[in-house]
Structures are given as C-alpha cells and as structure tokens.
Amino acid sequence: MFHILVADPISKEGLDVLQQKPNVTVTDETNLSPDELENRINQFDALLVRSQTKVTRPVIEKASQLKIIGRAGVGVDNIDLDAATEQGIIVVNAPNGNTNSAAEHTMAMMMALSRQIPQAHVSLKNGKWDRKKYVGVELKNKTLGIIGLGRIGTEVAYRAKGQHMNVMAYDPFLTEEKAEQMGIEYGTLEDILQKADYITVHTPLLKETRHMINADAFAKMKDGVHIINCARGGIIDEEALYNSIVNEKVAGAAIDVLEEEPFQDHQLLELPQVIATPHLGASTVEAQENVAIDVCHDVISHLTGDMAKNPVNMPSVPSDILSQIEPYFHLADKLGMFLIHLTEEVPEEVNIYYSGELSDVKMAPITRNAVKGLLKRHLGSHVNDVNALYLADRKGITIHESRTSTAKGFTNLLTVEMKTKSSVRSVAGTLLNGLGPRIVRVDQYSVDVMPEGHLLVIHHQDLPGVIGKMGSLLAQYQINIATMQVDRSDVGGKAIMILTVDKFLDKEELSGLKQLEEISDVTAVDL
Ligand SMILES: NC(=O)c1ccc[n+]([C@@H]2O[C@H](COP(=O)([O-])OP(=O)(O)OC[C@H]3O[C@@H](n4cnc5c(N)ncnc54)[C@H](O)[C@@H]3O)[C@@H](O)[C@H]2O)c1
Ligand SMILES: O=C(O)CC[C@@H](O)C(=O)O
C-alpha cells in the first residue's frame, strides 16, 4: 500500500489518477503548518505540492518513507532538491502543462497595465465615472523585450506578435537565426533594456537571474517603460522597481510574483501604477488539470517501478555500469560548468572526446553529466543527467561523442569542446588515481587545476610583472590566492592564468582586474 499526501490544492482530475489505483491511499490536507508537515511526513510514500508548500530540508530529513515528491507545475524552487537527492527521493515536475496559461496571464497583465483596467474597475465600483483619468496606451507598434525565451517566453512572443508588437528577445540559447525564424528581433540584455517599451521576464530564479533587473538596469531603460513579472519573485529587485516607479522612470508594473509569498502589505502594492495578482499565472482549470494529471501519472509510475517522465533530480544508470563510470560524472559535470563560462556566445555544438581508459566505457551517462554541467548555468538546478540531452536538443545544441585512443600521456582524458558561431572553446580533464579530478587543458594551454571552488580564468599577455600586478590588486581586495597555474602559447605571447581564490569576486572587483592593460579577459567561475 502506498500513502500519498497532497499538501497543496491539486485538481480533481489528477487526484482521480491516484484514487483509481487499488493500492493507494490519498490524504488531501492542504492547510498543514510547516510543523505539522514535518511531524506527519514520515507516514507517506509520496508528497504532492504546488508552489505554496515549502518542502525544506527539515521536512525531507523526517521523511523516512518518502520515495517521491511531485510538483504540479514548473518551478521547483520551493523544494530543497539537494536534500531530496541526498535522501534518495526523486522529485518530478510537470513542466509543460501550464505554459499556455502563464503566457495568457502575461498578456492579460500587459493589457490590463496598459489600459489601467484594475484601477478603473475599482474606481467605478466605488461609484466614480472617471473617463479622463484612465487614458491608456496601445500595445500596437510598441517594442516588447522578452528576457528568457523558453517555453513561456516563446508563447508570449507569438501572442505579442498577434498584437502587432515588435518583439525583441534575449536568452543565452537564442541565436539570430532562431529569432529570424520566429519573426522576432534578436537582442542582447542591453538592447532590451535600452529599446523596449515593455519588458517581461520569463527566466527561472537562479544565481545569475536574481536581481538581474536592478537599479542599474532600470537606469538604462526608456522613460515610461512598463514592466511585467509573471515568472518568479526575485528576478526583479523590488526596492529598485519601487524607486523607479516613484521617480517616474517606470510608467507601471504588472506583477504576479514577489520575493516573499504570500504577500499582503508590500510597499509596491501601495503604488497606483502597480497591478498585481497573487501568483495566478498557472491558475486556470486547464493548466491545473494538465499539471495534476501529468504529475500524478509520474508519481504512480515511480511508485510502481516504472520510469517517471519528468524527473528533476534522478540518476538513471544500471548499477553494474554505474560503479565503473560514476567517478567520471563529477569530472564531466565540472568540465561542462567550467566550459560554459568561457564565452557569452550561444553554444551550437558540443563534442565530447573519450580517450585512454575512457575509450571503452559506456559514454552516454558521462556525456549527460557534461551536458548537465554546461546547461545548469542558464537553466538552473532542474537540469539533471536524465533531462540534459533533451534540454540541449530543445535549445538547438547538437551533441557528439567520440572515442580516441590517444590520451596525451594521461591514463584517461575527457575533453569537452563547445562550438559557437565564431569560436571553438575546449576544456579537458582527467581523474588522477587517489587524487581525484583535475582540469589539465583549457583551449591550447596545459594546466593542473582542481575543478572546485572559486576560479579566476585570466587571459593576458606574457610580460614581466603581470602576475605581480594581479596579486597586488587581489591583495587590495583582501582576496587570498589559494592556487595559481600559468601557461603561455609562446614567449611574450598570449598566456593564461587560472587562480583559485578564497572568495568570489563582486562585479566591481572583476572590472578592476579587467582594467589592467596586459589583461584581455577575466572570467569568474564558481564550481
Ligand atoms: N506565475 C506563474 O504561476 C508561473 C507559471 C509557470 C511558470 N512560471 C515560471 O516562469 C518561468 C519560466 O518558465 P518556463 O516554463 O518558460 O521555463 P523554461 O526553462 O522553458 O525557460 C526559461 C528560459 O530562461 C532562460 N534564461 C536562463 N537564464 C537567463 C538569463 N540570465 N537571461 C535570459 N534568459 C535566461 C533559459 O535559457 C530558458 O530558455 C519559471 O521561473 C517558472 O517557474 C511561473
Ligand atoms: O502552482 C502554481 O499555481 C504556480 C505554478 C508556477 O509558479 C510554476 O512554476 O509552475
């Protein structure tokens, strides 16, 4: 018998999927306090949530029977994935079922914002017939800047074209060709900030997207810009948004999500230029049916020993093969993570070369880990070795793997190469017996770097004194250098320096380093 706890409201059609199974009990309790959830979770085999219930580490640590957590929706930021993975609990989501609803909600918010419909509605309900105050603006011929052109951003783009808007989008995986095929304009983040009349964000909330729309970003925008966030609270710096509205830089904002939810007394809500909904992007009958059915099927599949379709954190390698290749997963993941930081250009092709002892292992699971590492920077923690190749394919990145017997003196050598429109970058690593993983080559340079911690990859001219200058500047910033590796193409020519430092550099410190004239490029990589 499997006991399933439904902790957030889930559509009846989904619950039917569970209840029709003979060996399942369903406990539908959607008002449990965090303490009650912690106290009762050990009785259940599966937990189903939407975005409300926080599945924290303390909850997961008490979940001694739990086998699966199902998220009826996309974002899994309310679930501690690391804790679930550590505890061997699979997390599944339903990434496709609410795309339309979230896109429609974004359009509804954009239109309501332009025509001040909520404000006019409240005024009329209060007995005022005020036609002068509520003069709006048209969407037609305005430029919509979409930041994050994934499932929802793409649907918003098509709908906005239907409103005769000029659509410009930025996404780390968007190429000019793809934008052209979609009939939209390709832009950088800067282009969007500077040119858009409306800006809508559709990224996950990640380290790189947290506060990506901050005071600096607002300062670059057109006067009178409109802002929409139906993705995640925290992508927009709320303090900066508040100030930009008060200073009349921003004409209005439509917000479905805020950093702290549920919210009631937020200062943004006091501004008449702000319209808001309580995280309703996915709240339609259709979306809730879709995500509930999808996630409940996955929960049953997993409980009864079949493969779940949308795992967020599950490794899927047969145990005999696993023991042989598992040590390389970590190396592959780190090489992918390292490589994606070497360029801001869109990856188009990834080639993975297996050499030495690695030339006769099963490559696919290692490849998936390398691709996972590469995609994580922009797609977040829901990329795993199960969905990495699928997501790469969706982003138009082709993956090739090949075996070679020459390992350049190493017993095993794994090389990950990434082609973009104008460059080919590569990184190679090995597993040293007893010493663990090492990065041994970056492009044409030979190095010996442990792939962990805060790394600085510095391209510079091979001239006397550069290393000293770099060291003094880091000392000024109170940043300790733990390790240093240097290599050069030829005497006085191009060179690389890879430092492991004790603290991550902030933007100002990084740009301080970039100002040293012998240095052509500095990249911070957090492994
Ligand atoms: N309001 C709601 O109720 C609701 C409903 C569904 C989804 N969402 C949220 O909407 C967001 C988008 O969902 P989705 O299904 O389209 O996800 P998705 O993974 O399909 O798309 C996200 C896109 O953001 C891009 N991205 C990542 N970092 C970026 C950056 N720094 N700059 C620009 N783009 C970047 C990724 O490349 C990806 O293409 C998520 O945060 C999701 O949780 C909210
Ligand atoms: O459960 C909800 O209603 C919100 C879902 C949404 O935020 C998501 O990320 O899928």
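**Close-up 1. Domain 1 and domain 2 of the predicted model, whose C-alpha centres lie 32 Å apart.** In this predicted model, local features need pLDDT of at least 70 and side-chain atom pairs count only at pLDDT 80 or more, whereas totals for chains, interfaces and linings use all residues. Residues are numbered from 1 along each chain as its sequence is written, and chains are lettered from A and ligands numbered from 1 in the order in which they are written. The domain assignment gives domain 1 (2-95 + 286-303), domain 2 (99-276), domain 3 (315-438) and domain 4 (453-527), with bounds that come from an automatic or database domain assignment. Four residues from domain 1 and four residues from domain 2 make up the contact between them, two residues being in contact if their C-beta atoms, placed from the backbone, lie within 7 Å. The side of domain 1 that touches domain 2 has one nonpolar, one polar and two charged residues, where Ala, Val, Leu, Ile, Met, Phe, Trp, Tyr, Cys and Pro count as nonpolar, Asp, Glu, Lys and Arg as charged, and the others, Gly among them, as polar.

**Close-up 2. The packing of helix 1 (residues 12-19) against helix 12 (residues 285-303).** The axes of helix 1 and helix 12 are 7 Å apart and form an angle of about 20°, and the two helices are therefore roughly parallel to each other (angles under 35 degrees count as roughly parallel, over 145 as roughly antiparallel, 65 to 115 as roughly perpendicular and the rest as oblique). Helix 1 contributes Glu13, Gly14, Val17 and Leu18 to the contact, while helix 12 contributes Glu289, Ala292, Ile293, Val295, Cys296, His297 and Ile300. Sorted by class, the contact of helix 1 with helix 12 has seven nonpolar, two polar and two charged residues.

**Close-up 3. The crossing of helix 5 (residues 99-115) and helix 7 (residues 151-162).** The axes of helix 5 and helix 7 come within 9 Å and cross at roughly 50°, so the two helices are oblique to each other. On helix 5, Thr99, Asn100, Ala102, Ala103, Thr106 and Met107 meet Arg151, Ile152, Glu155, Val156 and Arg159 of helix 7. This contact of helix 5 with helix 7 divides into five nonpolar, three polar and three charged residues.

**Close-up 4. The residues that surround ligand 2.** Around ligand 2 are Arg50, Ser51, Gly73, Val74, Gly75, Asn98, His279, Gly281, Ala282 and Ser283, a residue being near a molecule if its C-beta atom, placed from the backbone, lies within 6 Å of it. By class, the shell around ligand 2 has two nonpolar, seven polar and one charged residues.

Definitions and conventions:
Axes fitted to C-alpha atoms, helices over the stretch in contact; angles between N-to-C directions. Helix = DSSP H or I, 4+ residues; strand = E, 2+ residues; numbered from the N terminus.
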